[in-house]
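Good morning, and thank you for joining this group meeting.

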Amino acid sequence: MVSVQTGSKTSIFEGLKTENLWEASKTLGFPAALWRLPYTNEIKILISIQDAISKIQPDFEKLPCGFLMGSFDWQENEPVNFMEGDIIVTFGENNQAVQTSNRLGEEHPDVKRLVALSWEIQEKTVYRRAGEHALSGVLLTDERSKERFKRTVELAVAAISHNQFKKVVLSRTKEIQYNDDFQPAKAFSKLAKAYPHAFVSLVNLAEQNELWLGASPETLVEQKSNGTFKTMALAGTQKARNSEGDLIPKYDVRWGQKEIEEHALVSRYIVECFKKIRLREYSETGPKTVLAGNVYHLRTEFDVDTIALNFSELPTTMLKLLHPTSAICGEPKLPSLKFIQEVEGYDRSFYSGFLGPVQVEGESNIFVNLRTVRLKNGVATLFAGAGITEDSVPEQEWQETELKCDTLLKVIAEDFIN
Ligand SMILES: C=C(O[C@H]1C=CC=C(C(=O)O)[C@@H]1O)C(=O)O
């Protein structure tokens, strides 16, 4: 029998599997988030029972434990979506609950309903293979969207040559139908296994009736319990596999002028944000080549010791300064943002926004919402963008967005691709 720690007592969540708890919370209409932090083995589920999704100021130091999610067009001083962590269950490597925090108590009627339904689902579940036959293969996005995207890249290159800005990140969507066989929690666990380096998450925005599933490679702001603040510049992309499908060794990877410049713009942008608050005591490591699914990126990491600086509000301050970074928007920020709004032609919603747990076990880990898919009313919408500079070639940028979409598609719908 597994011993589950909840202070002193054994938890009523003992024996339940992540996917059944997820399914029950979804059926009962409770907003929830499932996540796995990079390079960890633990999966956490947070369920918000009492207050549904609230709108709050993302002031990390003042928030209770919860999960936040902001959209691409979020601006400083606007509220973001927040799910308070009424229940947080941590699952270990064997999908066994190893730790529980339950603010409402085990006798709370909604907690009892949740547990009873989770057991009912668990006992009835005839295991279906994750992802199989779940995506119908009907691609709703057609050739016109490729031509459209390439045209926006041409417009961006022309705007850059007229000095309107130096870089802009243009994105597009790819839509695929899915049916009731598609099990998001199983897809989540496949992604978590396939991408140990990524922040893998599944969020149920119950009121909007939509789910967001993703495997993000990019930290936006992180505050560790030892006081370390982290952020990163992630930009510059190339294929990680050769035409035979073998992984290209990291040390054989060479970067061109375009990617080096594109990455440097993001690093410089972060340094400028530190300068705005007169923060000089940061350490900078990189750029390094890092694997993110089926692509390599260039990454530079920035660390600050907030205890030594007595600067506990740094994560909040930096979130407001950083978002939207030039890894998802452009440089300079305002003209590139205006260009995106005028030319991209669709609402990015939570894609290239940010999401993650806040004040969970004394840490906040917020990631850029990349390599993500929205699941709503039978349509899976994948989102992907590429940084455009004066050296961009439209066809190559399109291929880059295809590769980025494949990060999720290869794992959750292997038989759909080719
Ligand atoms: C905008 C995306 O990626 C960003 C992060 C890493 C590399 C990027 C690039 O090389 O263009 C983008 O800046 C996306 O995945 O949709």
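This is a predicted model: local features need pLDDT of at least 70, side-chain atom pairs count only at pLDDT 80 or more; totals for chains, interfaces and linings use all residues.

**From the whole chain to the ligand**

Of the 418 residues in the protein chain, 47% count as buried.

Let me begin with the overall form. The chain contains 8 helices and 20 strands. Its C-alpha trace spans about 65 × 55 × 40 Å along the principal axes. A compact globule of 418 residues would have a radius of gyration near 22 Å, and the value for this chain, 21 Å, agrees with that. As for contacts with a separation of 6 or more, 72% of them are between residues 24 or more positions apart.

How is the chain divided? There is a domain 1, residues 18–124, and a domain 2, residues 135–412. The C-alpha centres of the two domains lie 24 Å apart. Their contact involves 38 residues from domain 1 and 40 residues from domain 2. On the domain 1 side, helix H1 (18–27) and strands S1 (32–36), S2 (43–47) and S4 (66–70) each give two or more residues. That side consists of 25 nonpolar, 6 polar and 7 charged residues.

I turn now to the interior. In soluble globular proteins, nonpolar side chains tend to be buried together. Here the largest nonpolar core has 109 residues, and Leu-34, Phe-188, Leu-191 and Val-200 have the most contacts inside it. Domain 1 and domain 2 each contribute at least three residues to this core. Take Leu-191: beyond its neighbours within four places in sequence, Leu-191 is in contact with Val-200, Ala-215, Val-411 and Ile-412.

Next, which residues are closest to the ligand? They are Thr-237, Ala-327, Leu-370, Gly-385 and Gly-387, in a shell of 17 residues. By class, this shell has 8 nonpolar, 6 polar and 3 charged residues. Strands S9 (167–178), S13 (228–239) and S20 (379–388) each supply at least two residues of the shell.

Finally, I would draw your attention to a single residue. Val-295 belongs to strand S15, residues 295–305. Is Val-295 buried or exposed? Val-295 is buried, because 20 other C-beta atoms lie within 10 Å, and 20 or more is the cut-off for that term. Leaving out residues up to four places away in sequence, Val-295 touches Thr-237, Gln-238, Lys-239, Ala-240, Leu-403 and Lys-404.

Terms used
Residues are numbered from 1 along each chain as its sequence is written. A nonpolar core is a set of buried Ala, Val, Leu, Ile, Met, Phe, Trp, Tyr and Cys residues joined through C-beta atoms within 7 Å. A residue is buried if 20 or more other C-beta atoms lie within 10 Å of its own, exposed if 12 or fewer, and partly exposed in between; C-beta atoms are placed from the backbone. Domain bounds come from an automatic or database domain assignment. Two residues are in contact if their C-beta atoms, placed from the backbone, lie within 7 Å. A residue is near a molecule or strand if its C-beta atom, placed from the backbone, lies within 6 Å of it. Helices (H or I, at least four residues) and strands (E, at least two) are DSSP runs, numbered from the N terminus. Ala, Val, Leu, Ile, Met, Phe, Trp, Tyr, Cys and Pro count as nonpolar, Asp, Glu, Lys and Arg as charged, and the others, Gly among them, as polar. The radius of gyration is taken over C-alpha atoms; the globule rule is 2.2 Å times the number of residues to the power 0.38.
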